[in-house]
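Work through the exercises below with the sequence and the model at hand. Try each task before reading its solution.

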Amino acid sequence: MELKKQIEKEFETVQEDTLTLLNLTAENYFDAVMESLRLMVGRGEKGVYVTVSRPHKYLRMEMRKRGIRTDGILFLDCISSMAGERDDMTCTYVENPSSLEEISMHIGSLLDKIDSGKKFLIMDSFSTFLIYNGKNSMKEFAMFLINKLRLEGVGGILVILEREAPDDLKQILIAMCDRVIYI
Amino acid sequence: MKGKNQKYLNELLKETKESDSLEIADAVRKIGELKDRIPLNMRKEVVVKVLELSEGKDLMVRLSSALSLGQLNDVTPKDMRLPVVKRLLELSKDAEWGVRSHSIIALGELGYNIPYSMRVKVIKRVFKLTEDNKDEVRGFASVALGKLKHIIPRAMRSKVVKKLLDMSREDDLKRPVLESLSSLIEVIPSDRKTEIVERLMELTKEGAWISITASGTIADVGKKIPISVRRSVTEDVLKLTGDCDENIKIAAIDALGNLNIIIPVDMQKQIIDRLMLLTGKYETAQKLNPGEARASAIKAIGNSDTIIPDDMREDIILKLLNLTYDKNRIIRSSTAESLGSLKIDIAYTDRVIEQITRLMDDPDWHVKSSALHSIGSMGSLIPKDNRKEIVAKILKLTYDKNYNVKIPATFALGKLKNIIPRSSREEVTRRIFNMSDEDGLNVGGSAVWAIGELCEVIPGGMRKKVVVKLLRLGEIGGWAVGRPVAKAFGKLKNVIPRSMSKEVTDSLLKLSCDSDWGVRRPAAWSLGELQLSIPKDMNREVLQQLLVLCDDYVSGVRARAVLSLGKLAAIIPEDMNEEVIKRTLVLSRDFDWLVRRPAADAIGNLKNIIPKSAEKDVLNRILEMSDDREWGVKQKALNSIGRLNEIIPGDMMKKIIVKLLKLTEDANEIIKVASIRTLRDIGNRLTGDENNAVVERLIELSFDFDWIVRRSCALAIGELKNIRENLKTDVVERLLCLCDDNDWSVRDASARALGGMVKVIPRSMAKEVIDKLISLTDDFDPSVRDSASRSLTRLKGIVPKTMKDTVKGII
């Protein structure tokens, strides 16, 4: 309950096209992402959820459990293929989380597919991407993604786990985002 | 905090018993993410559970378990490491490529924690997977090889590099392989290094994604780039700063900023010129320069302070001062940051500080935050008249709602401790004191850090209150609060009231058992800092705990523990001497040089407690350490040899002198200087031929290009007691020459050295020596004048009659 209120308070000033960095502890990580998503969906926004930490099936299940609507969300799943799952037509799969070029391409086309003026993207999470990619690749990916979101006026929630991202990458993310929320 | 973690972990362990495999996989992932937040008493149980789940039928569960086993690396108890490695090797043969990939990623994470007996097997397996039928697995295997570089058998290193270089020509593998290659550069011969750097440079000419990553990687390799290719690397990166792809251009500018240590001297001006041009809105009359590129160039200038030619410094500062008014907030923010990193000429200090202070009021929080970072590094440059006003402004910003302003403001106050006016001290301390109770990630922690920094300015009346608060916060433990509290106690050693030393020691002992190594490490350090403040009846408990920490699985904790043992030499009870020395010797053989270095240092500090029976072992070991492959260890070992002087047996002295003389030829200046200092320390034990060899070598070295070497030689010569008659004139003549050195510290050392050589200076040279010292009493440097004057006092006995009145007038 406390976490939910904290997220609500933090998001009060978050505009539609704001880029927000969620800097989370491992214990709060998943709940904070879900609560942020609830707020975005609650405002009538539609978006793309890029997941590398959990399969989209699990995310859908969790969202249903928590009463978060899933119909306005397009999933880009970068992990399920590694476990041999890519049979859900409602989801876009990437075979390998280190295929950053492919992921970038899909992000662009999924954002184009959304028929709403208020779009957002959740990147869950940079810390997990770092398991599969080197620091320099991730720096470039972060810059590419942020520039893309800015150009298209799309709001973004970028997630990192405190102590699970190198300082220089964290500094780039902090410098380029409009808000940083520590939970 | 601990209770919360335990509850969360118990819930996760419960979820691993669910029937839904997705939930189980998720719980396993979350367990892996917890890492060292897992309480110490539950670690074995957790690892056993994950191992068990890794054998499950569900693919996602196996995959998540493999990954978690890697993430839990640092918290895996020693006796569980073998089963973990064995299991990961099994999983690396899984029929599913996703599981093979994750097991390889996990093996890469284990590094040094892979038991010796399994290392070759692991490397061979990972190497084999670079030939897997799935490119994804091959990519992850190449990354793992980079991470496991230190355990790759020497004989296999060339084979690994060749394989990776071949793989770097395959389209899908270029990116993972190039970061791995740059990592391996540390452990391979230089001809191979050149080959790697050349390949990385080729990759900078590939498509955008590869090129950008390659530029970043080249910058990371930095000073490991062989001298022979530094010029061509600089030229190529410089060329890339003009690339038409904006992202490649920015990556190249960033790389230039990080490569300043390898840029040839004759290219430095060209580089700075180019960076200056790139800070402008237009690169050429027609070509607009994007904001991000400008910001990168500004930051690169800030990183390049050491290579900025003197005649360009003024232009740069003026340009940056102008940029503080730029409309683009990214430019203002980068400028604020760079101004804090550059050496500022005294003529511009006031203007720079004025602008940084103005930027602290900027409407954008990024700019405020950068300005606060910079003002924190200005310290004594801040004019006295402005200090009160600036401190008040920073203090106000500690109330900002945005943590990205509030936290740097807190840090700035800590860093500016020495310039906080007396009249503001109480207000600052009170504010920081109150902030330490605030919730929110890093706010309380940064305030506690600042309390530690402000120790000397905490008003007497508040000291007890501060310590009481820290004791209470220490109860919370954990990374965010426990870590800064543990560190603050060490820093506050001189202000902790005697009546509270027991509670502080108790608190540190508790913190040194925290499940988070980030807390145990500063706690181990602070226990050593307390020294005689530790109540006598707690000495044994503290030492026992430090011995336990010497066995910690985290190198940083072992390093601080052994360092503290050295510092606490004076309180070690006799019956613990043997155990302490034994443990220190074990750590002197640690695989991690970060532990060997403080162990080498501790050996010297523990000189008075070395049991007679262990003297030979200790001396042999410290001598071996002076050959360590890491210069940091060598340096500390050399210092300790000097401190162990009194227990070196005569028959060993000759061997040591030979070794020290050899080390004075070391390519590393720090080792050269350390060996000269050690020769000085054992100078009084030198006799006969050994003495002559040392004197001759010191005279030779006193011609060195580096002033630190010349200074050390002068001081060492001054300490030698038994200089043979035939060398006395040469020695004194050389010191007289060094008294005219261009560097003030060499003149200072020579003047001081002469003062201690009353028995060495030949009567025939007394006048010349006194003349020289008299002239140095007019030196423009006050230290030289002071040393010369003191030496004249010490040499009173040899002052020629005709000069007595002059000398008397001076001293």
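**Exercise 1.** Decide whether Ile761(B) is buried or exposed, and place Ile761(B) in chain B.

*Solution.* The model is predicted.
- Step 1: count neighbours. Ile761(B) has 20 C-beta neighbours inside 10 Å.
- Step 2: apply the cut-off. A residue is buried at 20 or more, so Ile761(B) counts as buried.
- Step 3: find the element. Ile761(B) sits in the loop between helix H40 (744-755) and helix H41 (766-776) of chain B.
- Step 4: list the partners. Beyond its neighbours within four places in sequence, Ile761(B) contacts Val732(B), Ala766(B), Val769(B) and Ile798(B).
- Step 5: Asn402(B) is 359 residues away along the chain, and 68 Å separates the two C-alpha atoms.

**Exercise 2.** Describe the contact between chain B and chain A.

*Solution.* 
- Step 1: count the residues. Chain B gives 33 residues and chain A gives 31 residues.
- Step 2: name the elements. Those of chain B that give two or more residues to this side include helix H2 (21-34), helix H8 (135-147) and helix H22 (403-415).
- Step 3: sort by class. The side of chain B that touches chain A holds 13 nonpolar, 12 polar and 8 charged residues.

**Exercise 3.** Work out how compact chain A is.

*Solution.* 
- Step 1: take the elements. Chain A has 7 helices and 7 strands, in the order α-β-α-β-α-β-β-α-β-α-α-β-α-β.
- Step 2: check burial. Of the 183 residues in chain A, 55% are buried.

Note on methods: Residues numbered from 1 in each chain as written. Chains lettered and ligands numbered in written order. Predicted model: local features only at pLDDT ≥ 70, side-chain atom pairs only at ≥ 80, totals over all residues. Helix = DSSP H or I, 4+ residues; strand = E, 2+ residues; numbered from the N terminus. Buried ≥ 20, exposed ≤ 12 C-beta atoms within 10 Å, placed from the backbone. Contact = placed C-beta atoms within 7 Å. Nonpolar A, V, L, I, M, F, W, Y, C, P; charged D, E, K, R; others polar. Rg over C-alpha atoms; globule rule 2.2 N^0.38 Å.
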